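Please keep the 3D view open while reading, and look up each residue as it is named.

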Amino acid sequence: MITGKIFNIQRYSIDDGPGIRTTVFLKGCPLRCKWCSNPESQNAWPEIVHRDSFCHRCGTCITACPEKAIVLGDKGIEIDRHLCTNCGRCAEVCPYNALEMVGQEMLVDDVLSEVRRDAEYYRVSGGGVTASGGEPLSQADFVAELFARCGEEGIHTCLDTSGYASPGAFKKVLAYTNIVFFDIKHTDPERHEEMTKHQNGVILDNLQIVVKSGVDVIIRIPVLSGLNSTVEEMADTAKLIRDSGLNKVHLLPYHKYGVGKYEMLDREYPLEDLVPPAPEELEAIVRMMNKYSLDCEVRI
Amino acid sequence: MITHEQIEAVKKLRVLTERLQNLKEKWEKAQPTVCVEPSQLFTKAWQEAEGDPIDVRWAKAYALRLEEQPIAIRDGELVVGSFTSQPKGVYVIAALAPYRVLDMLGKFQIERRLSATSTATIDERDAELLREDAQYWVDYMPPDYIGKALREELGEDHFELMQDRALVFEGPFLKAERQSAFQDMLSAWTGSPHPRVNVINTGLKRIQELAEAEMEDIMDKGVRLSHKSSDAYRKYVFLKAMVLTCKALITFAERHAELARKIAEKETDSSRREELLQIAECCEWVPANPPRNFREALQSLRFMHMALRMEQPGRPENAMGRVDLILYPYYIRDLQEGKITRQEAAELLGCFWLKTAEIETLETIAEWFAPGALLPNCTICGRDKDGKDVSNEISLLVLEVLRQLKIAEPGVYIRYHDGMNPEFIRYALECNRDYGGGNPAFVNDGLGTDRFLDRGVAMEDAVDWCTSGCLGYHADCADHEFGVAHLNLTKIFELTLHNGIDPKTGRQLGLQTGDPATFTALEELYDAFFKQLDYFTEKLRADYFIRRSIDLEHSPQSALVGILHFEDAIRTGLLPQRGGSKYPALFSMEWVGDRGVTDVSDSLAAIKQLVFDEKQVTMAELIEALNADWDGREELRQKCLQAPKYGNDDDYADSIFVHVWNKTQEILQKRPDPFTGLKPFTFKGAAAGHIIHGRAVGATPNGRMAYTPINDGATSPMPGMDVNGPTANINSANKVSVRELRGATHNMKLSKQVLNTAEKLDKAAVLIKTFMAGGGWHLQFNIVSSEELVEARQQPEKHRNLIVRVGGYSAYFVDLPLQLQDEIIARTMHGMA
Ligand code: SF4
Ligand code: SF4
């Protein structure tokens, strides 16, 4: 039986594809986007997070940790990530639910039975399941199996991908996918590398695979002021989309909602100073996209 | 069916005109002020009518108020009708609640304020007069018939054990202390009437004539019903009281007309003078006659609704009825004939809406009551007997007024069905979002009708119903009983954990069902609990039967309610609760309610997991921790809080919920209604009852602290514990049937963010559709307020269910950095989040 590493299954997802959806968040991603709002999704293994707002500073976890990785600092407990083996012991003993192991191995059947619970809402709203992450294609076999089973039950499937995966992974999953949300972060390879630690060649190649497959595609562009949002940059992106024969674009304005999670993971947030784009900036991009005959909306 | 064009047109209207802004501001700034005149007039008339038959005496004590109490017309208002001279007059009748009036006055003297929720003032001299008045009624108290009978039948300490201290039973009229000479002053004997379409359309003059004709008939031909002779006389007397009351209500309107003319004479502004003359003309015509236009229909509705409120200010359930059906024919005719524009109609309706907020009572200024909650529910939309959608442009106007005026009441209830224009639902949700509170709410049109059909009501009568109270509903032709007696399930569960002994007093209150520490399986605990429940249900039923019977024997029939049911009342001489309606059984079919099903089932889930499945703690240890209110056992409380909770579509907790629900339902319905012999409806009330219930119950295994409120509502999960989102929440609720319940509220939280685009509104509409298709009754979306987010910032562990939903991202609100939390709070405050 194939298992997947899942860090969240969110029901009533209303921003991850048509209708009401259940989004399965898969853990593990090859990219390291500086603005990532799901940093707990990046590593492929289960990780311990601590939620300071729940912590009563009782110290139970400190005594329980076999690696002596936990100390009580000024800002609450701190976990030395070099010492921590993510054994999960501290989460078991914390009386206040302030520690949590993020990421668990799940069978396709288990995920499916969770997904199935909202089948009626999918039917009425035209929704379904979305695989997101992380990069879901890092676990292509699992996603393919999940989607195939959903297909058998008439549940619509949506793949939310960064585009960074092997062509084989794409082909495997596309066969069972009804719609793809495909991220384009930048057209320039160097800039892309600065932003995500990887160049974009693989992504652009994969885009062509997706286009050829004939599956519906919506391009998602994170709008990051100063990183990818100048008129020139967006014009290049628009051209790329148009030339690929696609026309639906969603702009996802940068938001800071992920910041708290970095603290929970004892990580630095790399983009302290970045601010969300102004409405005018977004409107200008939409107008520009329209010039390229692209159907573009801002998703808030 | 409502069209796109109509919605667009109504959205453009400006309800908050300068006039309304002024009126609203003045009303908001006004201090609740206690008025003494109505109370004095009641007493005076009652004394003068000594020796009259009781129905007539009651009618006279009402009529004198209508004829003489101070009235006012406020600057700029278009719809008139004032309870007192004050914009926020506190309307009290000492005769109906003398102890509480004295209590209020006592507090006033000490603190110069009446309660924590709302501060009211009273003039020194008036306070003295009111005290005198109340004292008269304390001294006047007739023999305590109910108390005597209850002690005789159910035991000397019945009250003390069941109600005052332990609150096993709770309900507005379940008090050991007599409230007044009028026994159940909270109107157990008049139900929850509302202004009916036919009453407005017929006019009081005609109703008076019909009553007079019937009186003549009785004299000429004798009573043609198979009544006993005493009933014949009672009918005659009741008709007389109706005639008296019609006249007084007409006088009340005419007094407003006179006042308007008087003010007009001195008015220098010619357009205001014109308005005042129009008001005068209007009040000279209605409610005596059938309205001739929209304005008159509104004014008539205003007078008739007021009439109820004044008759018994303590009766908190005077619904407004189906306002869109009442008003629409007048509105559309005026509109088509060019006599009124939409904008004018919106302003008029706004004026009317604000007027309904113009009253305070002992209830609204009391700490235990939801502040301001007098529940003048408006019902809109629905289907007729042929299944046709009846929503109309007034349904829209009502929603727009609600959205723009933003005052706490009235609550609007939409009779939802799948045949409605989806755009209308989207619009209603938009209003819900902008309004902020759980208003409008949605009730299941088909289910409401089916429940009556189940009980043999003909289709044309079964479809004609409106909501009332918190939140029940009733057939237009029958009303329903007010003040259902509630069983405190949480208390009964606590007693079960203590072998029937109340841990608060050490007294044996319930049966000896065994010491739970000796139980080896959950089934034993279930058994013990259901045995206790059965025992207390029987006690409550006896209590109810005795109380209600004696009450009916000693109290008057309200002629006003007779007028509102004139078709049947004139024919039979009886009100619905005495069998006067076409469907005599419908009225009292609901004698019992319960609260606390989620507390009990979540407690059982925690016990199942921690005591029986995982053996983390023994039952004895758990009970000890409960008795200590978790003192020193915080880590155990956390485990209990983290145990599976109902409302997450998780079968572990939900299956227990379903079992407790079904079995409770079975026990409550096992015994027939004592007055009709039929299977009763049950009721799981909302409003403030859960706070009162909680005061008697110690800590519970669901992690609840001692004496804090128990859970509100019927299928609503424990607050903050539904962490799987709205679909899971609804799936959980739909695992039980509410077909046999007349009231069952399902509260849900939604943030503004999930309602901020047309697409998202349509997705939320799917929640309503699925809830109703699954047999749900009453769905209310409470929009997360900025206050709540502030609280979540301070007590994050209680608000784990607040989820921030953004594409490709998921997090709990409580995980956001404080600064971001503050940003969302600020945006929520400004209606942008
Ligand atoms: S055990 Fe939990 S509550 Fe106690 S210090 Fe550790 S994280 Fe905080
Ligand atoms: S996960 Fe294990 S190693 Fe890491 S901090 Fe917790 S107890 Fe220590």
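In this predicted model, 44 residues of chain B are in contact with 40 residues of chain A. Together the two chains bury about 3600 Å² between them, and 55% of that area lies on carbon and sulfur atoms.

**Between the chains**

- The count of salt bridges between chain B and chain A is five.
- A salt bridge links Asp649(B) with Arg117(A), and the closest N and O atoms of this pair are 2.8 Å apart.

**The sheet of chain A**

- Strands of a sheet pair through backbone hydrogen bonds, and the pairing can be either parallel or antiparallel.
- Chain A has an open sheet of nine strands with mixed pairing, and the strands follow the order β7-β1-β2-β8-β9-β10-β11-β12-β13.
- At the edges of this sheet stand β7 (104–107) and β13 (295–298) of chain A, each with a single partner strand, so one side of each is left without a neighbour in the sheet.
- From one strand to the next, the twist of the sheet averages 30°.
- Within the sheet, strand β10 (residues 179–183) and strand β11 (residues 216–223) of chain A run parallel and are joined by five bridges; Asp183(A) has Arg220(A) in β11(A) as its bridge partner.
- Helix α3 (residues 108–116) of chain A lies across β1 (3–13), β2 (21–26), β7 and β8 (128–133) of the chain, and runs at about 80° to β7(A).
- Helix α9 (residues 231–243) of chain A lies across β11 and β12 (248–253), and its direction is at about 175° to that of β11(A).

**The sheet of chain B**

- Chain B has an open sheet of nine strands with mixed pairing, in the order β3-β10-β11-β12-β13-β14-β7-β6-β5.
- The edge strands of this sheet are β3 (169–170) and β5 (378–381) of chain B, each of which pairs on one side only.
- Helix α31 (residues 758–773) of chain B packs on the sheet, where it touches β6 (412–416), β7 (441–444), β13 (741–750) and β14 (778–783), and its direction makes about 155° with that of β14(B).
- Two bridges join strand β11 (residues 592–595) of chain B to strand β12 (residues 682–684) of chain B, and these strands run parallel; in β12(B), Phe683(B) is the bridge partner of Gly593(B).

**A helix pair in chain B**

- Helix α20 (residues 489–497) and helix α25 (residues 597–613) of chain B have axes that come within 7 Å of each other and cross at roughly 35°.
- On the α20(B) side the contact is made by Leu489(B), Thr490(B), Phe493(B) and Leu497(B), which meet Val597(B), Asp599(B), Val600(B), Ser603(B), Leu604(B) and Ile607(B) in α25(B).
- By class, the residues of this contact divide into seven nonpolar, two polar and one charged.

**Around the ligands**

- Ligand 1 is surrounded by 13 residues, of which the closest are Cys55(A), Cys58(A), Gly59(A), Cys61(A) and Cys94(A), and its shell has nine nonpolar, three polar and one charged residues.
- The residues surrounding ligand 2 include Cys65(A), Cys84(A), Cys87(A) and Cys90(A), and the shell around ligand 2 has seven nonpolar, three polar and two charged residues.

**Backbone details**

- Most residues other than glycine have a negative phi, and most peptide bonds are trans.
- A cis peptide bond joins Gly133(A) and Gly134(A), with omega at about 10°, and Gly134(A) is found in the loop between β8 and α5 (140–152) of chain A.
- The peptide bond from Asn439(B) to Pro440(B) is also cis, with omega near 0°, and Pro440(B) is found in the loop between α17 (422–435) and β7 of chain B.
- Arg57(A), a residue other than glycine, has a positive phi near 55°, and its place is in the loop between β3 (47–50) and α1 (60–64) of chain A.

Technical notes
Residues are numbered from 1 along each chain as its sequence is written. Chains are lettered from A and ligands numbered from 1 in the order in which they are written. This is a predicted model: local features need pLDDT of at least 70, side-chain atom pairs count only at pLDDT 80 or more; totals for chains, interfaces and linings use all residues. Side-chain values use heavy atoms; hydrogens and water are left out. Axes are lines fitted to C-alpha atoms, for helices over the stretch in contact, and angles run from 0 to 180 degrees between N-to-C directions. Helices (H or I, at least four residues) and strands (E, at least two) are DSSP runs, numbered from the N terminus. Contact means heavy atoms within 4.5 Å. Ala, Val, Leu, Ile, Met, Phe, Trp, Tyr, Cys and Pro count as nonpolar, Asp, Glu, Lys and Arg as charged, and the others, Gly among them, as polar. A residue is near a molecule or strand if one of its heavy atoms lies within 4 Å of it. Two strands pair if DSSP finds at least two bridges between them. Buried area is the accessible area (1.4 Å probe) that two parts lose on being put together, summed over both. A salt bridge is a side-chain nitrogen of Lys or Arg within 4 Å of a carboxyl oxygen of Asp or Glu.
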